[in-house]
Amino acid sequence: MTEDFPQRQARVPTGRTTTTSGLPPSTTTTTTIATTSTTSSTTSIINTHDNSLFSSPTTATATAIAFANPTAPAPFPLTTTTFHSRSRSRSQPHAPSSSLLPLTLLSSHPSSTLDRRPVRAHEGGFVHPASFLRPRGLSQPMPPAQPERAIDREERQGLRAIRNFLKVRTSYDVLPLSFRLIIFDTALSVKESLNILIQNGRCIVSAPLWDSKASKFAGLLTTSDYINVIQYYFQNPAALNQIDQFRLDNLREVEKALGVAPPETISIDPERPLYEACRRMLESRARRIPLVTYDSQTDRSLVLSVVTQYRILKFVAVNVPDTQKLRKPLGEILLGSYQNVATASMDTPVIDVIHILVERSISSVPIVNSEGLVYNVFEAVDVITLIKGGVYDDLSLTVGEALKKRSPDFPGIYTCSLNDGLDTIFDTIRKSRVHRLVVVDENFRLKGVLTLSDILQYILLEGETDELS
């Protein structure tokens with residue numbers, strides 16, 4: 001009965017790369033298989049330079065490896081050493097076994113040459129242990145890690161603070177102490193609904209829809225629906241005289257005729273976290289989301305209110321002081337749209353601008369002159385003013401003439417530069433009713449457009465993966 005000593009695994013020095021076979025990827029080798037009748041043993045190779053020990057199990061099949069460049073110097077000097085098996089019997093003294101094949105290691109000094117005689121079955125191969133390691137000259141040191149800038153650290157802290165705030169607040173918390181809510185029955189005509197919105201001023205540009213037959217929430221009416229109706233009757237002028245009889249429950253048919261994707265009928269319970277409401281808005285590309293709750297007594301759903309992107313961002317700007325840490329400039333974080341921005345001039349017909357709004361699914365178009373200087377912004381809500389009372393002749397007006405029909409209390413347009421950070425933009429949102437900002441240079445030339453959707457997406461998604469990991 002014999003006792004086998006535990007086999008030691010080959011240890012590779014830290015910082016060096018090895019392949020599955022233990023050879024560097026760029027080394028060319030030739031392998032000769034030599035079969036012996038030895039028993040299982042362990043061969044050890046000692047490096048006298050750093051006293052490291054390489055151990056590998058040997059079996060009845062031994063492998064001889066000859067390198068293509070035998071005269072290449074090793075990274076450190078080696079000595080000629082002969083090793084034998086460590087296997088022995090308990091009753092026998094420790095002595096080399098004559099049945100085991102010794103492994104001889106030759107010096108890798110440049111003056112030494114490799115014996116190129118063919119390897120026979122009873123001879124072992126010559127192995128250079130240093131060749132199993134990547135040469136020191138090929139190792140590429142890792143570049144030193146760049147220290148994190150203070151502005152990057154503060155930006156990350158500010159975004160984390162905003163997300164934590166949105167996760168602990170509910171959608172109900174965003175609602176003001178008093179507000180107006182207009183709900184339209186789907187049996188109402190488009191003309192009647194339009195007149196109601198105009199009577200309630202410019203601040204109300206959307207309303208939830210209610211299906212009285214099914215007693216359920218039926219979606220949200222926005223200015224985009226009115227623009228789609230105008231586009232539809234422009235393409236079908238023979239049906240223009242029937243527009244007064246057009247009802248709200250036919251809006252989906254108009255979207256199918258125009259090939260426009262219908263807006264998703266999304267809603268959220270007011271007791272759900274505000275963070276969840278923001279994520280639903282981003283996923284559906286909606287600018288507002290209705291708050292719909294369930295009444296257990298009547299077994300029906302109830303529409304409580306509508307939360308807009310502006311209301312959410314203003315809620316954040318007022319209650320989260322860490323918004324002042326968002327100081328990275330827009331030009332660095334590339335926030336906004338700067339390529340292929342749709343524009344119009346003062347002489348552009350309004351109907352052409354409406355086509356742009358429908359084709360691009362946008363809510364505004366900057367008005368510029370021939371040199372690219374920003375004069376104004378034509379918004380989707382401006383269309384409602386032009387078609388009030390069911391008169392559609394004003395759509396042939398130019399943009400310049402249409403903008404003169406705006407209400408005197410129009411707040412104007414808001415601009416920013418690529419050097420501005422979200423800290424200053426949140427200050428503007430906190431003080432004014434902002435729906436978008438036009439990005440200009442120092443000469444007031446158009447550079448891009450920053451929407452509230454861009455800001456909401458940034459504060460929710462930027463660096464979120466790093467936080468989860």
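Author: Leaving out neighbours within four places in sequence, V439 touches Y338, C416, S417, L418, R445, L446, K447, G448, V449 and L450. Keep in mind that this is a predicted model.

Reader: Okay, and which strand does V439 lie in?

Author: V439 falls within residues 436–440. That stretch is strand β17.

Reader: Is V439 buried or exposed?

Author: The cut-off for buried is under 20% relative accessible area. V439 comes in at 0% relative accessibility, so V439 counts as buried.

Reader: Let's move to N369. Where is it found?

Author: Strand β14 covers 364–368 and strand β15 covers 374–379. N369 sits between the two, in the β14–β15 loop.

Reader: And is N369 buried or exposed?

Author: Its relative accessible area is 19%. Buried means under 20%, so N369 is classed as buried.

Reader: Now the helices. How are α6 and α12 oriented to each other?

Author: Helix α6 (residues 309–319) packs against helix α12 (residues 452–461) at about 50°, with the axes 10 Å apart. Angles under 35 degrees would be roughly parallel, and 65 to 115 roughly perpendicular. The two helices α6 and α12 are therefore oblique.

Reader: Which residues in α12 do the α6 residues meet, and how do the contact residues divide?

Author: From α6 come Q309, Y310, I312 and L313, and they meet L452, S453, I455, L456 and I459 in α12. Sorted by type, the residues of this α6–α12 contact are seven nonpolar, two polar and no charged.

Reader: Zooming out, how much of the protein is made up of buried residues?

Author: The protein has 13 helices and 18 strands. Of the contacts with a separation of 6 or more, 67% are between residues 24 or more positions apart. As for burial, out of 469 residues the buried share is 39%.

Note on methods: Residues are numbered from 1 along each chain as its sequence is written. This is a predicted model: local features need pLDDT of at least 70, side-chain atom pairs count only at pLDDT 80 or more; totals for chains, interfaces and linings use all residues. Side-chain values use heavy atoms; hydrogens and water are left out. Axes are lines fitted to C-alpha atoms, for helices over the stretch in contact, and angles run from 0 to 180 degrees between N-to-C directions. Helices (H or I, at least four residues) and strands (E, at least two) are DSSP runs, numbered from the N terminus. Angles under 35 degrees count as roughly parallel, over 145 as roughly antiparallel, 65 to 115 as roughly perpendicular and the rest as oblique. Contact means heavy atoms within 4.5 Å. Ala, Val, Leu, Ile, Met, Phe, Trp, Tyr, Cys and Pro count as nonpolar, Asp, Glu, Lys and Arg as charged, and the others, Gly among them, as polar. Buried means under 20% relative accessible area, exposed over 50%, partly exposed in between (1.4 Å probe, protein chains only).
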